[in-house]
Structure formats: C-alpha cells, structure tokens
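Dear colleague,

I am passing on to you the structure we spoke about, and below it I have set out what was found. Please read the notes with the model open beside them.

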Amino acid sequence: MLNFSSDSAPACHSKSYQRPTSQEKWALKKAQKRKYSGIQKELPNKQQFNGPKTKDQQPTEDMEEEDVPTHKSPVRKPAPKDAAKALSPETLKPAQRFKAQTKMTPKSKHVGEHKGGEDSVFIKTSSLFRNNPDIPDVHRPAVTQLKEKVFTSDSFAELDLHPHLINRHSLYTNAVFLGSVQKKTIPVLLSGQDAVVRSQTGSGKTLAYGIPLVQSLQAVEPKIKRGDGPLAVIVVPTREPFTWIVPGVLMGGEKRKAEKARLRKGINILITTPGRLVDHIKNTLSIAFSAVRWLILDEADRILDLGFEKDLTVILNSLNATGPPRQNVLLSATLTDGLSRLAAISMKEPVSIQVGENSEGINDLTPDPTTVQGKSDRFAVPERLQQHMVVVPSKLRLVCLAAFILSKCKFEKGHKIIVFVSSCEAVEFLLILFNAVLSGPKAKQQPPLSFFRLHGNMKQEERTEVFQEFSLCKTGILLCTDVAARGLDMPQVTWIVQYNPPTTPAEYVHRVGRTARIGAKGSSLLFLTPAEMSYVTSLANHNISLSEMKMEMILSTLMLDDRFKVRGKYDGKKSSGAPEQEVQERATVLQTEFENVVHNDNNSVQAAKRALQSFLRAYTAYPSNMKHIFHIKALHLGHAAKSFGLRDAPQGLVTAPAKGSNKDKGQAKASRNKLGEFLLTELV
Ligand SMILES: Nc1ncnc2c1ncn2[C@@H]1O[C@H](COP(=O)(O)OP(=O)(O)OP(=O)(O)O)[C@@H](O)[C@H]1O
C-alpha cells in the first residue's frame, strides 16, 4: 500500500524541493510575472469560508502556502500544423475539444495565457497533497446485514396463470424460477386483495404486480376493448422506468395534445407520473376513470419524497368518485413513515408483504403511523453487493474519480459504471471535462472511454435515448443525477459510484440498487471527505455496512497510464522515483490537465463556476438531521473549487478571519453574504 504523507513534498518536484520563505515567495511571484509576461498571476488561495473549523479546514497559513508555485507543469501551445488537421476532432487538444463541445466564444484575456504546446511554458498547479485535512481511521460500527433471498425454487408454471402469459413472460425475461417477492405477492394479488410490498432493489417487483394485473385483465368478460379506457393506473415517480412497456404512457416532457389524442383512442393500462395525471384530470375531458379496477403506486415512497402527496390526493379523489371496486398495490424497496399514511388513505386492509427471514421491523409496513415513529428504518441491500467507501480530501476528489474510472474502464475489462453527482450542471461539466481529458486521442485506446449523461434538464427523447444506449452498451460510464436512482433496470452495471453522498439513506439504497440486480454481483463506492466521515455511522444505523477503499490505492492506477508521467521538462529532472511520490506527481499532472482545460478560456471557467455553484447549492439542501455531517460552512471553498478544475475559489469568498473580534464577526457576516450572493448569481 502506498503511503502518502499529507505534508510530503509537492508533486512534480524533485527531492530537493524546499519550502520558500515568504521573501522567496514574493520574489518567485515577481519572477514568474516577468517570465510569463501576460500570464495571469494566480491569486493567493486564501479562501476559507467563515464557519466553524472542521477537519476539512486547515489553518489560514495553509492558504498562504498554496500561493507558492509548488508545481510547474507543461502547458500546451498548439504546434504549427496543417490547418485542416488542426481542426479535426481527433487532433484537437483536450482544451480545444472542451471548447468545441461547450461552443465557447473566442478566448478571453486570461485564455491564451494558460495555453501552449507540449514543449512550451509552464504554469503552477498548487500542491494537491499538502494542507489537506488528515484522514482519520474509519470507524465501522458492527452491523448485521439484512438478507433477502432473491429466488425461490418454484417455477412460474406452478402458478395458476394463463399459459400464454407464462410463455410470453419466459420469452421476455428468461425467467425460470419465481423471485421471492413474486412468490409472495402474485397469489395475494390474484386473490383480489390490496397489498403493500417491500422488497430489495432489483428483486423483480415489476413482474410481481405485472403478472397478476395482466392475468386479471385478460379474464375480464366481455373482453376488454380499447375504447373502455383505463382499467389500471400505474403511478411511478419519474419518467424513466417505463420505457419498456407500451400500453400507454403519460408524462411531463411530452406534448399534452398528443397524449390527449392517445387517451381519446383509449389506453387500458395507463402508466403515468403523478403531476402529469393531475394535469390531465384537470384539463382533459376525455379522461374517464369509470372502468379503473387497479391502482398501483410503484416506488411509492419516492412519489412522496418528491412532494406528490397533494397530487396523489387529487388522483385518489378522482378515482374514488367513480368506477368498480378497486384493487390497490403499493411497492417500494424502502418504505418510510409517509407510506403508512398513504396506505391508510388509499387501501382496504392491505396485506403486508416483505421478503427476508429477518425482515421483522424493516420499514414497518403497518398502516398505523405510531408503529413506525421513532424507529430508524433498517434497509436491506442485495446480498451480492460489495459496498465500499473512500475518504478523499476535497482537493483530490476530481483526480481520484478520474483515476477510479480509468482503473475500471481502461485497465480492466467489461465494466459499466454509474456515477451519481448532485446537480445537472456538474454532470454536464464532468462529461465535457472527462471527454476532453480522459477519452481523447491521447488516451491511446481503442475504443475510447464512452461517457453518457442523464439528468432532469435533458429533453425526454434524449433521456430515453441515453437510457437505451447505456442499457445496451458493454462498457461505459453514466454520469447522472438522482433521476437515475430509482426504478431503472439497466443490465450488467458493475459499479455504482456516489461522488456526492445522497441526501437520505433510502436514496443511498436505491442508488446502489442499480447494480447487483436479480441475484447478480455488483459493487459500490461512496466518496466522502474527511469532514463527512460520520456518514458511515449514519448508514450503519440503517444496517448498511461499508468497507474502506484507500484513496492511495485508487490513485496508484495512474502509474499504469503514461499520459500522466512527469516529463521533467521544466527543470530537466524526472520523477524522484519513490512510487508514492510518483503517484502524487502523476495525480498533479492529471489535475493540471483538468485545470488547463478549464482555464482555457473564460467560458470554460464560467462552466466550472456554474458547476461549483450548483454543487454548493445542492450541499445546502441536505436535510436538517444531516447538517452535522454536511454543512456548507464546513466546506473549504478553495479546495472545493479545485475539484472543479478551478485554480481559485470564485472571487469574493476569500475572507478568513480569525475567530473572536467584532471585526471578525463583521467579516464573517460579509463572507456569508458573499457565499449567498455567489449561490444566487446568474453566471454567464
Ligand atoms: N423471476 C425472474 N427471473 C429472472 N429475471 C427476473 C425475474 N423477475 C424479474 N426479473 C428481471 O429482474 C430485473 C429487475 O426487476 P425489476 O426492475 O422489476 O426490479 P425491482 O424490484 O422493481 O427493482 P427496483 O426496486 O430497483 O425498481 C428485470 O430485468 C427483470 O426482467
């Protein structure tokens, strides 16, 4: 195991590096200014938001140290080339590709100053490995993992189902054995009862209600006609999950007029998001619920999480006002308090179905709120899921994520990774940055890494297309927000990376549930900063246990990638030779690549700032019971900025007063206001 000391010599420096005195720093700055006339001087990285000091915040003097030109790395200047060749995508340099993809405007004043060719000027990259908070030992509380058997030894043929249904079913899923949740749920639903079903992610809940639904509808006499309108309504929280099913879909993002026409023609099984259905209830005369005999609320707790409680009430009132007696089903991998209330208002004496021998007390399903209150929900995760966490100081997050992606998708075969990020802007930013730096022609790999993205700001057709492409690909990386956390069934995903921790443990369970589905193997990795480590305990309270992966181990992948080898051009020296030193140097070269791309022009800087801003906004959105772990004041903004390839925190956030005096309090307030301003600023 490589052993990094947080205070070791900065990357890309020879062993002889010595910390300059303040006079030397000043002289160095001056010399630098002269030497690279026109090169924008790096601002001192003094940013330290005025909040309670945490392990992730180091003394102010550290910020001064970062002002030292601790690392000089090559900055590329376009070598004279044939013009047509220079414009071809294959020959574009990372920064040029980034620019091309972000449709950047011409260079701003800062731009050219950080650009150059393989053999040109050098700029400094402040040390990645100094002034980081210590990484304490991870305390892993003892946890009894809850186990749920995915399959039974019973076959579908043993159920009293229409033969056509069994054949078609086997044809589509290759299913031979009944899943545990299917064995428990199908007979209950076939007997006409309501049910609340909780079973782990990827255990086959869709067929657990889909089979009895179709079985019951095919038996209706006289035979159902299209013009009968909806006989079943399936409410799902988001738009993604139902690309596989045809009967009839209503969702935001599509033209209401087209949906109205389809409704008029008749849809027998209506699959819809709550908001869109309410929209049609209010605006579409042709929607009639007089025949509805099934109501299914899939991912029910998510529907509530997203604030659709009011919409559900409108839907329930509308359904209750008309129609035959109805069968109601509520399903989720995690059931939370709100579910009990929902069950109470929407169901008649529901059967409570849970999978697992020791699932007593897991997300209690009893529709009596008092039985749930006060309990910490216990969650079951797939048995063959290996869960890991890695503690990474803020400054190193970007290179660590990149190294992890390279380790799985470049140096191992057959991996499909989903990376969860907290905002749409950050997804867009990382996609372009990784495409520019990790996947370009310099990657010397055939084929290059395939990056995909999925988030709520994309058009529905594009979302569907990406979902299908990623589902079909053999290897690739999907960068996404929580829009992909629930209900999506994408085959052969091998790793789930949570680059930003989720806001609730339930969300954690759903995210990791995109792998290790229906008995398959899978792994997950959660990124935490040293200040966020108590999240491990919080997850343990919900029966979730993680093992630690060392950041150094992830970064050591860079030793396999000669693109990040230190060339020693700036001082004629090669790497110092010690493996841990060389890993640090390579990580710094990679970070410099990222920073060069970001600082290529003003628009790229703005894109990075927007991503940082959205990350900070998302950070303020953790619920109050998580604020002791995730608090915006505990973030070191300069370090966070670095993880977006920014050399400095956005201006105006540089106040770092010592605690105590009134003046300091004033400064603290000003600093907080600056952060508030930054969060609200419309970046151009
Ligand atoms: N009995 C079975 N045998 C084999 N494969 C099955 C069986 N039942 C379902 N599957 C497949 O397992 C996968 C996961 O099923 P599904 O998406 O219904 O899980 P889920 O429990 O709804 O998951 P989540 O809670 O994440 O939404 C699907 O690809 C489905 O086709």
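Strand S4 (177–179) and helix H7 (205–218) each supply at least two residues of the shell around the ligand; helices (H or I, at least four residues) and strands (E, at least two) are DSSP runs, numbered from the N terminus. The largest share of that shell, three residues, comes from H7.

Please keep in mind that this is a predicted model, in which local features need pLDDT of at least 70 and side-chain atom pairs count only at pLDDT 80 or more, while totals for chains, interfaces and linings use all residues. Residues are numbered from 1 along each chain as its sequence is written, and side-chain values use heavy atoms, with hydrogens and water left out.

In all, 21 residues surround the ligand, and the closest are Gln182, Lys205, Thr206, Asp489 and Arg514; a residue is counted here if one of its heavy atoms lies within 4 Å of the ligand. By class, the shell has six nonpolar, ten polar and five charged residues, where Ala, Val, Leu, Ile, Met, Phe, Trp, Tyr, Cys and Pro count as nonpolar, Asp, Glu, Lys and Arg as charged, and the others, Gly among them, as polar.

An oxygen atom of the ligand is 2.7 Å from an N or O atom in the side chain of threonine 206, and an oxygen atom of the ligand is 2.8 Å from an N or O atom in the side chain of arginine 514. For glycine 204, a polar backbone atom is 3.1 Å from an oxygen atom of the ligand. The protein covers 87% of the 640 Å² of accessible area that the ligand has on its own (Shrake-Rupley method, 1.4 Å probe).

Two points of the backbone also deserve a look. Most residues other than glycine have a negative phi, and most peptide bonds are trans. The peptide bond from glutamate 221 to proline 222, however, is cis, with omega near -10°, and proline 222 is found in the loop between H7 and strand S6 (232–235). Glutamate 299 has a positive phi, near 50°, and its place is in the loop between strand S9 (294–297) and helix H10 (300–305).

With best wishes

Note on methods
A polar contact is a pair of N or O atoms within 3.5 Å; within protein, one must be able to donate a hydrogen and the other to accept it, and residues adjacent in sequence count only if both atoms are side-chain atoms.
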